[in-house]
Amino acid sequence: MTRKQLPLGLALLLIPALALGWWNEEWTSRRQLTVDASATGADIQNTLADFPLLIRLHGGNFGYFGELAENGRDIRFLKDDKIALKHQVEKIDALNEMGLVWVKLPEVRGGVATDAVWFYYGNANAPDGSDSKGLYDVAQGLAYHFTEGETLPQDATAYATHAADSKAGIDPGGWIGAAAKFTGAGPITVNPAPQLAVDPAKGWTYSAWVKFDAPQTAASLLEARDAANALELNLDGTALSARYQGTATPAANLTPGKWQHIALVARPDQLELYVDGALAGNAAIKLAALNPSLAIGKGFTGLLDEVQIAATARPADWIKLSYRTQSPDFAVLAYGQDEANASEGGGHFMVIVQNVTLDGWVVIGLTGIMFVVAVLVMVVKGVVISRIAKDNRAFLARYHKLDAAHLSALDQEETEEEQDIGDSDLLTALVGKHDHFQSSTLYHLYHTGIRELKIFVGDADDQPVPPEAWNLLRVRLDSQVVRESQRLNSNMVLLTIAIAGGPFLGLLGTVMGVMITFATIAATGDVNINSIAPGIAAALLATVAGLAVAIPALFAYNYLLTRIKEITADMRVFTDEFLALLAMRVAVRQRGFGIGGDGI
């Protein structure tokens, strides 16, 4: 690279960085949406302008409904980092994690899989940016979404071509939100309007989604009539055909019980019928000017959704793109990873956390409780064992300095309060006293031995001690060793539960999260890596939580167990030495050697 080429090269390297600039610092999150118009997605060849794209949001591709402002008023779309695109929020249901949003794409290039827009959200103070009037181009004369609660269908375009009358109801279970429900009682009627007029030079387009359960009897899904002339879309049985002034296209059979996309396109010299984005039949015509009134769904029993009329003949690629983008059966739209505003922090971990499902949080919550319990056991047990070791060392230092004639000099009766504290690791760690070896296990053995021997010999110097008494004394000391060992090992089982149960509990959460992710994909048909990855990553967080509990518990358990074994071994050694010393002391006194002093 020459010196003259170097600035240009640096500028080219900076273009991606500039393109990733944050549009507005008041928005906390964004993600990139990529439209695949290649053969793997929409499979269109021509470039389309001002196309209204439907974006279906659900738990499988968007896990941040809780971050959206009320009714999604903070949603914004940008082609670059300067100008927001026109969009319409048809529906946002944060509780059920479902959203329907339309965005006007300035351009969709045929055969290109890299056209993308940025989807911004996360600004509770944002004004409502939804603008249905700016969503459609000037040729779009009518667009009915059929919103719940409507008495008459309301037009979403700037023309406000609302229905004049309607015998149809509203069914909330439509294809794209709610749908118009026809019972055969009558159609939706729309009065003539300039934006609905047929210009022979421009053509005319009608499209809708249709579903019916039983074959129809001479139903009309559309009748655009001006006097004797009419454009019609008729359904007889399951056969759908388009008709203009007595000329009809070949019939195409629809499938009962299934949502299908249909379109009638009137070109200057041809009438075309489309079913599910593909040309199903055509017929030669000579289109004349019409200023029609509309009757939609006359004699029809079934559902219609997303009824649209344009005063232009839409290209075949437009019909196909509409069908494929509005159907979850095609991966036309790819969802990129969510990005957090650098000033807000979070990064990739926040993406994972925000995608965790309710059952995942339940499992993580359980592992969190398990972790708290394990940490409490580790800390308390560590403090108690440290104090035991310290008191054992202090006791042995004093014990080894005892005069053989006064072996009971260190013995002292414990108060009832000290006994209660000694029975609880937590109280021992918090308020345990250490002025007289209260935590020392060796002292407890010493105290038991002195007390039992006093029962046998009292203060007499020459009273014989039978072998049975020595056996009993050994049994008492061995019993004390067992009790001290049990106390040392108390609550250690909670660590073993954390070690063994944490990973399995986390694995349960992961499996459930993966199941829910794939079930969501199966239900929505949105199959792409960007919709799968966040759910899988969030599901794996449960396993991470389980391991986060088990790993420190495993290390602590092995460390504490080693310390407990050392203390237990010291107790065994002390028991043998102490018994030997007591036996020697009694034997010497009985033989009259007189070590000196009185009593034990």
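Analyst: Accessible areas here come from the Shrake-Rupley method with a 1.4 Å probe, and for residues only the protein chains shown count as cover. On that basis the protein chain has an accessible surface of about 27,400 Å², with 59% of it belonging to carbon and sulfur atoms. Keep in mind that this is a predicted model, where local features need pLDDT of at least 70, side-chain atom pairs count only at pLDDT 80 or more, and totals for chains, interfaces and linings use all residues. Residues are numbered from 1 along each chain as its sequence is written, and side-chain values use heavy atoms, leaving out hydrogens and water.

The chain holds ten helices and 24 strands; these are DSSP runs numbered from the N terminus (helices H or I, at least four residues; strands E, at least two).

Now for the sheet. Three strands make an open sheet in the order E2-E5-E4, with antiparallel pairing; two strands pair if DSSP finds at least two bridges between them. Strands E2 (48–58) and E4 (87–93) sit at the edges, each pairing on one side only. From one strand to the next, the twist averages 20°, using axes fitted to C-alpha atoms (for helices, over the stretch in contact) and angles from 0 to 180 degrees between N-to-C directions.

Helix H2 (residues 316–326) packs on this sheet and touches E2 and E5, contact meaning heavy atoms within 4.5 Å. The direction of H2 makes about 10° with that of E2.

As for E4 and E5 (residues 98–108), six bridges join these antiparallel strands. Asp-93, for instance, has Met-98 in E5 as its bridge partner.
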